[in-house]
Amino acid sequence: MKILAAGAGAAAVGLYTWRIEPHWLEFTHADLPVAGLPGELDGCTLAQISDLHIGPKVDDSYIVESLQRLADLKPDFVAFTGDWITYRGPQQFEQLRRVIAHFPHGRLGTVGILGNHDYGFNWRMIEVARQVSEIAVQAGVTMLRNRAIRIAGLQFLGLDDLWSPYFDPQGLLGEKGRDPATLVLCHNPDAADRPVWGDYRGWILAGHTHGGRCKPPFLPPPLLPVKNRRYSAGRIELSGGRTMYISRGVGHLLRVRFNVRPEISVFRLRAASS
């Protein structure tokens, strides 16, 4: 009987890990204090979406439903932090077009960056990245590839992916990093440890890790696609006056999650106290 009970328990956990949690999306809410934030933006909302992984492993219907749920919240800004697709071939481009036709737009602005999977195999397929970016732009997303944009008084600095051939943020951060009311979008959290940040003091919104996908209770996740083991999910305090938030992402590479639910973060912008 004990063996049967143990087997039934293991089967139940396996079923939950495979069938339930990968699609059990959580909307998280937190304040995001920003230095120099214009008064008219205090209290506005910024939604962070990350790691959709549109492709052969994630159900399109789940992604569309997740995007529609966010649209119902009517965020003021939407920021996407990379990995639009999991590339297996040119068919992913048409799939991306179909799915992000449902991508929610912020009342004031919608911005995005690329992740490593948007560069195809070995993160080196430049034409894949170009097409992904172009499709996102056609869907109304302002794509930031080592460039900045200021929307309604809030500046976004979008970095190209750390593992891509085009990770080169020094010039952008050097020119714009000291500007008030600035946020950085950076897919891979390991970039936070690179000596590229100069005088930037503020928030970095990242993704990439999926929170480790499976996390034993009260213990860190055993597998993470980053060198710095601190960088799993949530708010991370960094040196130099910087703070990073790592999204657990919406999609997956393998349909397995345990104790690491998929996430869309909805931040309330606040003026940082001096």
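Predicted model: local features only at pLDDT ≥ 70, side-chain atom pairs only at ≥ 80, totals over all residues.

Biologist: Thanks! How many bridges join E10 to E11, and do they run parallel or antiparallel?
Modeller: Four bridges link E10 with E11 (residues 243-246), and the two run antiparallel. Strands here are DSSP E runs of at least two residues, helices are H or I runs of at least four, both numbered from the N terminus. Two strands pair if DSSP finds at least two bridges between them.

Biologist: What order do the strands of the sheet take?
Modeller: The six strands go E6-E7-E8-E9-E11-E10 in an open sheet with mixed pairing. E6 (147-151) and E10 (234-237) are at the edges with a single partner strand each, so one side of each has no neighbour in the sheet.

Biologist: Switching to helices, at what angle do H3 and H4 pack?
Modeller: About 25°, for H3 (residues 91-100) and H4 (residues 126-138), with axes 10 Å apart. Axes are lines fitted to C-alpha atoms, for helices over the stretch in contact, and angles run from 0 to 180 degrees between N-to-C directions.

Biologist: Which residues of H3 make the contact?
Modeller: Phe93, Leu96, Arg97 and Ile100, where contact means heavy atoms within 4.5 Å. On the H4 side, Val128, Val132 and Ile135 are among them.

Terms used
Residues numbered from 1 in each chain as written. Heavy atoms only, no water.
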